Amino acid sequence: ESDIDVKCFVMPNFSSIYERTMISKEVKTSYGIADIKDIRLLPELISKCGLTYLEAFVTDYYVTGRTANNLTQELRRLVNVFINDHLHHLAMVIKQMSKNKIKTIIQHPTRKKEIAHLSRLELILQKLDAGLNFKEALFLTDNERENILVIKNDLMSTSSLILHLHLYKTKTRINDYYKSLAATIAPTNRLDVIEYLNKEVYKSVAESLYTDLKETFEN
């Protein structure tokens with residue numbers, strides 16, 4: 001029953017390169033939000049370990065243009081390499097996201113979706129701490145999804161005191177999972193994967209632009 005959010009990366013045309021502009025906007029659709037970005041923004045977005053952008057490159061569900069298929073496969077490979085090299089940073093980002101969710105729920109206790117999101121973030125950290133890879137930790141099983149819905153519905157019908165107690169315990173568990181992960185995963189500042197990712201993106205942009213210009217002059 002959830003909505004479907006889409007991350008869409010597009011090649012720039014000549015004018016956007018000449019004018020040094022990059023498209024970045026959200027479009028509301030009947031099924032969810034489509035987040036449209038210039039592909040040149042991708043390396044920076046990945047380097048920040050934004051969960052929704054990493055998710056877009058490990059999901060089994062994606063669409064690619066025929067001419068960009070090889071690039072898509074290479075980007076998926078590179079993002080997976082980056083995730084494995086930066087699990088420490090990823091865990092820290094998830095911890096911060098959880099902190100923000102808790103703050104939002106306290107301020108807006110009727111926002112059911114935030115309670116479900118918080119439960120999912122805790123579960124991701126728990127599964128990473130248990131040794132699962134990112135994809136295994138990210139996507140929920142039917143049982144895990146059902147448990148999260150039960151927690152959400154139960155909390156929406158309880159008192160404010162019980163909700164705050166739940167949030168306190170969740171925050172404590174998340175901190176414990178993070179500390180456990182941090183003790184076993186060394187932090188890294190390696191950005192060679194991002195540099196290579198950036199090169200692949202700009203190489204594909206150049207090839208796309210060359211093809212477009214060639215077809216324009218030929219016509």
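Because the model is predicted, local features are reported where pLDDT is at least 70 and side-chain atom pairs only at pLDDT 80 or more, whereas totals for chains, interfaces and linings use all residues. Residues are numbered from 1 along each chain as its sequence is written, and side-chain values rest on heavy atoms, with hydrogens and water left out.

The protein has ten helices and three strands, where helices (H or I, at least four residues) and strands (E, at least two) are DSSP runs numbered from the N terminus. Read along the sequence, these elements follow the pattern β-α-β-β-α-α-α-α-α-α-α-α-α. The C-alpha trace spans about 70 × 40 × 30 Å along its principal axes. Of the 219 residues, 36% count as buried; buried means under 20% relative accessible area, exposed means over 50%, and partly exposed lies in between (1.4 Å probe, protein chains only). When contacts (heavy atoms within 4.5 Å) between residues at least 6 apart in sequence are considered, 70% of them join residues at least 24 apart.

Two packed helices are described by the angle between their axes and the distance between the axes. Axes are lines fitted to C-alpha atoms, for helices over the stretch in contact, and angles run from 0 to 180 degrees between N-to-C directions. Angles under 35 degrees count as roughly parallel, over 145 as roughly antiparallel, 65 to 115 as roughly perpendicular and the rest as oblique.

The axes of helix H4 (residues 69-85) and helix H10 (residues 192-218) come within 10 Å and cross at roughly 165°, and the two helices are therefore roughly antiparallel to each other. H4 passes H10 in a left-handed crossing, a term used if the near helix is turned anticlockwise from the far one by less than a right angle, while clockwise is right-handed. The H4 residues in this contact include Leu-71, Leu-75, Leu-78 and Phe-82, and those of H10 include Val-193, Leu-197 and Val-201. The residues of the contact of H4 with H10 divide into ten nonpolar, one polar and four charged, where Ala, Val, Leu, Ile, Met, Phe, Trp, Tyr, Cys and Pro count as nonpolar, Asp, Glu, Lys and Arg as charged, and the others, Gly among them, as polar.

Helix H6 (residues 112-129) and helix H9 (residues 160-184) pack at an angle of about 25°, with their axes 9 Å apart, which makes H6 roughly parallel to H9. This crossing, in which H6 passes H9, is left-handed. Among the residues that meet are Ile-115, Leu-118 and Leu-125 in H6, and Leu-163, Leu-167 and Ile-174 in H9. The contact of H6 with H9 divides into nine nonpolar, three polar and three charged residues.

A search of the whole structure finds three aromatic pairs. Rings of Phe, Tyr and Trp (its six-membered ring) pair if their centres lie within 6.5 Å, and planes under 30 degrees apart count as stacked, over 60 as edge-to-face and the rest as tilted. The rings of Phe-9 and Phe-57 have centres 5.8 Å apart and planes at 45°, so this pair is tilted. Phe-9 lies in strand S1 (residues 6-10) and Phe-57 in the loop between helix H3 (51-56) and H4, so the pair ties together parts that are 48 residues apart in sequence. Phe-9 is partly exposed, with a relative accessible area of 22%, whereas Phe-57 is buried, at 8%. Ring pairs link Phe-9, Tyr-53 and Phe-57 into a cluster.
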